[in-house]
Amino acid sequence: MGDNNNVNLPPGFRFHPTDEELVVHFLHRKASLLPCHPDVIPDLELYSYDPWELDGRALAEGKQWYYYSRRTQNRITDNGYWKPTGMEEPIVTTTNNKRVGMKKCFVFHVGEAPSGIKTNWIMQEYRLPDSASSSSRSSKRKSQPKTDYNKWVICRVYERNGDDDDGTELSCLDEVFLSLDDLDEISLPNYN
C-alpha cells in the first residue's frame with residue numbers, strides 16, 4: 001500500500017474504495033466517533049501541506065492519497081491554494097439511491113489567489129450531507145452532547161497526468177466541471 005508504514009493489511013489487499021464506501025464506511029463512522037476497522041486513514045490538517053508533501057503522511061494507494069481533515073473554508077497552503085471547480089455532486093447509495101454524502105472537486109494552484117498557476121493536482125473532498133447531521137442529532141437522547149458531524153471531511157488527492165492512466169476514474173460530472181475551469185474557451189452554438 002504505497003509507502004504508508006502504519007497500515008496492517010495482509011499482502012495483496014488494496015485500498016480502492018468507491019465514493020459511497022468512503023462516505024458510508026469511513027467518513028460517517030469518523031464523524032459519529034465510531035471506530036473504523038481497519039483504522040488506516042490518518043487525520044491531517046489539510047492545508048498545512050502542499051499536495052506533493054502528502055507522501056508518507058496520508059494513506060497512499062498507488063498515486064492517490066487519502067486522509068481525514070477538519071472542514072474549513074481556508075484552503076490556502078504555504079505555496080498555493082485549492083480552487084473549487086464546478087458544483088458539489090451528491091453521493092448516493094447503489095441499493096436505494098439515498099443521498100449519503102457530497103463530493104466537491106478542487107484544483108491546486110501555485111502562488112497567491114487569484115493569479116496562481118494551475119497544476120495537475122486534484123482533490124476530491126467528501127462531506128456528509130447537512131440533512132444527515134440534523135436527523136442523526138434529533139434521534140439522540142437529550143442527555144447526550146450533540147456531535148458536529150460536518151466538522152470532518154475525507155479527501156482523495158491525486159496528480160492528473162494526461163498521457164498516464166493511473167486508474168483514477170472521474171465521473172462524467174467531474175470531467176465536465178474540470179473542463180469548465182476556463183469559461184472563455186467554451187463556444188456555444190448560435191441558434192438565432
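**Helix packing and sheet arrangement**

Helix 1 (residues 19-31) lies across strand 2 (64-70), strand 3, strand 4 (99-110), strand 5 and strand 6, and its axis runs at about 140 degrees to that of strand 6. This arrangement is taken from a predicted model, in which the secondary structure of the protein chain comes to three helices and six strands. Along the sequence these elements follow the pattern α-β-β-β-β-β-α-β-α.

The six strands form an open sheet with the order 1-2-6-5-4-3, in which the pairing is antiparallel. Strand 1 (59-61) and strand 3 (80-92) stand at the edges of this sheet, and each has a single partner strand, so that one side of each is left without a neighbour in the sheet. On average, and with direction ignored, neighbouring strands of the sheet are turned by 25 degrees against each other. Within the sheet, strand 5 (residues 117-127) and strand 6 (residues 152-159) run antiparallel and are joined by six bridges; Gln124 stands opposite Arg156, the latter belonging to strand 6.

For the protein chain as a whole, contacts between residues 24 or more positions apart account for 65% of those with a separation of 6 or more. Of the 192 residues in the protein chain, 42% are buried, that is, under 20% relative accessible area.

Definitions and conventions: Residues numbered from 1 in each chain as written. Predicted model: local features only at pLDDT ≥ 70, side-chain atom pairs only at ≥ 80, totals over all residues. Heavy atoms only, no water. Helix = DSSP H or I, 4+ residues; strand = E, 2+ residues; numbered from the N terminus. Buried < 20%, exposed > 50% of the residue type's maximum accessible area, 1.4 Å probe, protein only. Contact = heavy atoms within 4.5 Å. Pairing = 2+ DSSP bridges. Axes fitted to C-alpha atoms, helices over the stretch in contact; angles between N-to-C directions.
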